Amino acid sequence: MSEEETVLLCPHCLKSNLKVVGGFMGTQYLCKDCGYQGALILEVDEKDVPDQD
Ligand SMILES: [Zn+2]
């Protein structure tokens with residue numbers, strides 16, 4: 001198995017500006033860009049991260 005770098009992306013704005021927030025519901029993520037918060041996030045290979053230009 002090769003080591004794969006994965007990146008967590010916000011499903012709304014596709015940015016990786018996520019902060020992990022623990023809660024009674026379990027791990028959730030807060031996007032500091034668009035304000036999205038939830039347990040559902042995108043996990044992609046680093047090489048598949050869309051350009052943010
Ligand atoms: Zn976002």
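Strands (E, at least two residues) are DSSP runs, as are helices (H or I, at least four residues), and both are numbered from the N terminus. This is a predicted model: local features need pLDDT of at least 70, side-chain atom pairs count only at pLDDT 80 or more, and totals for chains, interfaces and linings use all residues. Residues are numbered from 1 along each chain as its sequence is written.

Leu14 is found in the loop between β1 (6–9) and β2 (18–21). Phi of Leu14 is near 60 degrees, which is a positive value in a residue other than glycine. Gly23 lies in the loop between β2 and β3.

| Residue | C-beta neighbours inside 10 Å | Class |
|---|---|---|
| Leu14 | 15 neighbours | partly exposed |
| Gly23 | 9 neighbours | exposed |

From C-alpha to C-alpha, Gly23 and Asp45 are 26 Å apart in space, and they are 22 residues apart in sequence.

Two strands pair if DSSP finds at least two bridges between them. Three strands form an open sheet in the order β2-β3-β4, with antiparallel pairing. Because β2 and β4 (37–38) stand at the edges with a single partner strand each, one side of each is left without a neighbour in the sheet. Strand β3 (residues 28–31) runs antiparallel to β2 and is joined to it by four bridges. Cys31 in β3 stands opposite Leu18.

Notes. A residue is buried if 20 or more other C-beta atoms lie within 10 Å of its own, exposed if 12 or fewer, and partly exposed in between; C-beta atoms are placed from the backbone.
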